[in-house]
Amino acid sequence: MMIWKNGGGMINFNNDFTFKNATISHNSAFNGGGIFYGVVAASSVTFGPTCTLNNNTAKHYGGAVFQSPALVSDQWMQNATFENNSAFYAGSNAAWYTRPSPDFCVDCLFDINNETRYDYGYGYDNGNGFATTPTTASFGNQSCPSHVYVSGDEFKIEVLLKDYFGNLVKGPLLFAQKFSVKIDVDPSGSNCSLNGT
């Protein structure tokens with residue numbers, strides 16, 4: 001099977017179209033195994049009244065669908081069935097670069113079988129197989145440091161990354177990409193903030 005860089009089944013940049021009773025199946029790509037939207041301006045895209053996306057795989061994000069970066073029309077899939085899609089990093093059924101369309105899929109059915117969701121058993125998404133790239137950072141099992149000392153000693157601070165849905169970012173993405181995190185501590189040491197990804 002050939003693996004396309006983006007959009008194994010189809011790729012779209014700012015075009016308006018409607019697909020009726022479409023099936024997008026057995027495709028593979030780095031992002032958007034089935035469909036990739038490289039949208040830089042709002043466009044009208046509709047799949048319906050029925051559609052099926054099954055057995056699509058992504059080596060990075062969005063087994064069935066990946067959308068980056070702007071939003072298309074809010075409701076653009078109707079009565080869709082997502083089955084046996086998988087992603088190595090995140091979003092077995094759908095992934096977004098920053099945040100999802102509010103009503104991405106109306107009256108849709110999602111396969112939530114964890115055994116078929118990921119090629120290698122890694123990755124993250126919510127119960128519908130949705131995910132975004134990491135959007136927030138928070139402290140792990142400790143609170144913000146109350147004191148900061150400048151010394152030559154090594155110290156560790158656990159930081160958790162989450163996506164727009166609140167999914168904990170885990171799996172191979174953490175080893176494949178570098179993330180920058182900045183801890184700001186006020187002079188009194190009584191307050192600090194964590195900024196990153």
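**Notes on the predicted model**

1. The link of C105 and C108 is left-handed, with -80° about the S-S bond. The disulfide that joins C105 to C108 has an S to S distance of 1.8 Å, where a disulfide is defined as a pair of cysteine sulfur atoms within 2.5 Å. A search of the whole structure finds one disulfide. A disulfide is a covalent bond between the sulfur atoms of two cysteines.

2. On the basis of the values: this is a predicted model, in which local features need pLDDT of at least 70 and side-chain atom pairs count only at pLDDT 80 or more, while totals for chains, interfaces and linings use all residues. Residues are numbered from 1 along each chain as its sequence is written, and side-chain values use heavy atoms, with hydrogens and water left out.

3. The protein has two helices and 21 strands, taken as DSSP runs numbered from the N terminus (helices H or I, at least four residues; strands E, at least two). Buried residues make up 42% of the 197 residues. The protein exposes about 10,600 Å², of which carbon and sulfur atoms supply 51%; accessible areas come from the Shrake-Rupley method with a 1.4 Å probe, and for residues only the protein chains shown count as cover. Among contacts with a separation of 6 or more, 77% are between residues 24 or more positions apart, contact meaning heavy atoms within 4.5 Å.

4. In what order do the strands of the open sheet of four strands run? The order is β4-β8-β12-β16, with parallel pairing. β4 and β16 (109-110) stand at the edges, each with a single partner strand, so that one side of each is left without a neighbour in the sheet. Strands of a sheet pair through backbone hydrogen bonds, either parallel or antiparallel. Two strands are said to pair if DSSP finds at least two bridges between them.

5. Taking the pairings in turn, β4 (residues 22-25) and β8 (residues 51-54) pair in the parallel sense over four bridges, and within this pairing C51 in β8 is the bridge partner of A22. β8 and β12 (residues 80-83) likewise pair in the parallel sense over four bridges, with T52 standing opposite T81 in β12. β12 and β16 pair in the parallel sense over two bridges, and the bridge partner of F82 in β16 is F110.

6. The structure holds ten aromatic pairs, where rings of Phe, Tyr and Trp (its six-membered ring) pair if their centres lie within 6.5 Å, and planes under 30 degrees apart count as stacked, over 60 as edge-to-face and the rest as tilted. The rings of Y61 and Y89 have their centres 5.8 Å apart and their planes at 80°, so this pair is edge-to-face. The pair links distant parts of the chain, 28 residues apart, with Y61 in strand β9 (residues 57-61) and Y89 in the loop between β13 (86-87) and β14 (94-96). Y61 is buried, with a relative accessible area of 6%, and Y89 is buried at 8%.

7. W96 and F165 form a tilted aromatic pair, 6.1 Å centre to centre with 55° between the planes. Because W96 lies in strand β14 and F165 in the loop between β19 (159-162) and α2 (173-176), the pair ties together parts that are 69 residues apart in sequence. W96 is buried, with a relative accessible area of 2%, whereas F165 is partly exposed at 29%. Ring pairs link F82, W96, F110, F130, Y164 and F165 into a cluster.

8. A last point concerns N15, which is found in the loop between β2 (10-12) and β3 (17-19). N15 counts as partly exposed, at 44% relative accessibility. N15 and Y37 are 22 residues apart in sequence, and their C-alpha atoms are 9.7 Å apart in space.

Note on methods
Buried means under 20% relative accessible area, exposed over 50%, partly exposed in between (1.4 Å probe, protein chains only).
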